[in-house]
Amino acid sequence: MEQYYTSERNVQILIALLKEHGIKRVVASPGSTNVTFVGSLQQDPFFEMYSCVDERSAAYMACGMAAESGEPVVLSCTGATASRNYFPALTEAFYRKLPILAVTSTQDENKIGHLVAQVIDRTCQPKDTVVCSVHMQTIHDENDAWDCNVKANKAILALRHRGGGPVHINLTTTYSRDFTIRTLPPQRVIRRFLPTDSLPIIPKGKVAIFCGSHLRWSEEEIKAVDYFCHIYNAVVFTEPGANYTGKYKVAYSLMSQQSVDDANRYPDLLIHIGNMSDFPNIVQPQKEVWRVSEDGLIVDRYKTLTNVFEMHELDFFEHYTQNIDAVGNDSYLANCRETQQRIWNSIPDLPFSHLWVANRLYDKLPKNSVLHLGILSPLRSWGYFNIDNSIDVFCNEGGFGIDGNLSTLIGASLIHPDKLYFGVVGDLSFFYDMNSLGNRHIGNNVRIILINNSLGAEFHLFKQLNSTYVNGIDRYLSAGGHFGYQSPILVKHYAEDLGFEYMSATNKEEFDKVYSKFVNPQLSEKPIIFEVFTQVEDENEALHRMYNIEASTKKKIKQALHNALGDDAIKLGKKILGKG
């Protein structure tokens, strides 16, 4: 019977990417666990295959071939102890930086440790045998397929990365006997570029940059990005901690949350810069993503990554703008700004809540101050508004936990004691880290807003599943009833005893009476804690209204037309448009 490729999808993905990356030489050792891999390779004339019974000898053969040809060589072995025999030659390859790809076939990893014959633990490799090791599991759904695609690309790229060296892929098999697949499925190829490489051209279409959390920018970097955007009609979608202050900044997080979709969110090419972010859904790339970072890592946040540029962002943007004198086109920016302004102008009246507080204060913070936002509610709430470019914004998005937000703020404030440092935290985060407020180094340049709703309000919001299918979530999931349960004196006494000035508000009127002192641009005599008591029901309602600004606006326009024209005119209009 004529044979083609195996039906095992993870094996298909690996073979397809070997071909896409131009890797053709294979040294195969006999066995049954690698039959789907080798059986598929041997019927494809692209591959140049060699047989060697002894895996130790096979690996050394591969070393000789790689050193002589300057090209990667694939090894394939079965289960049991076969792969152990690769170690001497892989050690040789490690210290000589030879591109050897050792593909060790295996049964499911869940069999490890259960006395299943020929199943050994390959999850850890000696440090000086491989530069990269991945496991390509059996594919059950499209997430598994994406994961295997990324792992295979990562492993193949590691053969040459930073001098290169041997790489290990542990390839699961189900011992499929189906070899009827005539063509390999098309695979996304990820490539890595260094500053010395010939870089790909910018594709035609809509171009956007998304910047996650980012340290302060230099003027030179901002200028390079702005010129790039001017030439390619691009925009820079930002999150609160992006700290990009150029002309092409689009703080689009509020727009991206609307129940009515917006075409501005769908670029043809997205250039992904910066670090961890809770706002990647600002954009939804349909075609491809380019990642620019000095670490050169395969970071596929949008699952459409095609190119990784291992270089400084400045080098990247200057490369694509050098020797180009373009007239420029800012129509994409204009479209985004129009949508942005329309939604900001339509922000509804909000109940007393964290969102109301953010809306009240975002444009009143003193210029050239620093704002530290806590995780989740503070980051989201303040991210909906256009904070002044002179204000640096930071958040512990790296680990994305509630611990340490106050401590980070305090540590930062010690560097510039003459500059105001503002912090915004929820009650769980505040009490989690409250010991930091007793630190004797805290200066009078620290001002903290505590949003106290007596529990983890995040878990009660309409957008969370917790509140809809779990009863009594206050008991454990949202940690209700701790820390004085909105005691009006607990934080007051603690703060004042530690030398802070204390302020509080339980409604809009009380807030408006006192907030001006909190945002006074002059240093106060003491650091300040401003406790704002809100209710979880109001937090939920406020967020719901913010999510539905566009839908509410369209509904109001429709109702106004109906009132002005009447039922008959509306029906006639629909009939003319073919919608009646």
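**Helix pair and sheet**

I find α3 and α4 roughly parallel to each other (angles under 35 degrees count as such). The model is predicted, with local features needing pLDDT of at least 70 and side-chain atom pairs counting only at pLDDT 80 or more, while totals for chains, interfaces and linings use all residues. Residues are numbered from 1 along each chain as its sequence is written, and side-chain values use heavy atoms, without hydrogens and water.

I looked up the packing: α3 (residues 55-69) and α4 (residues 87-96) cross at about 25°, axes 8 Å apart. Axes are lines fitted to C-alpha atoms, for helices over the stretch in contact, and angles run from 0 to 180 degrees between N-to-C directions. Helices (H or I, at least four residues) and strands (E, at least two) are DSSP runs, numbered from the N terminus.

Next I listed the contact (heavy atoms within 4.5 Å). From α3 come Arg56, Ala59, Tyr60, Cys63 and Ala67; from α4, Pro88, Ala89, Glu92, Ala93 and Arg96.

Then I turned to the sheet. I read six strands in an open sheet, ordered β2-β1-β3-β4-β6-β5, with parallel pairing (two strands pair if DSSP finds at least two bridges between them). β2 (48-51) and β5 (132-136) are at the edges with a single partner strand each, so one side of each has no neighbour in the sheet.

Met136 has Leu171 in β6 as its bridge partner.

Last entry: α3 lies across β1 (25-28), β2, β3 (73-77) and β4 (100-106), and runs at about 170° to β3.

Key:
Parallel < 35°, antiparallel > 145°, perpendicular 65-115°, else oblique.
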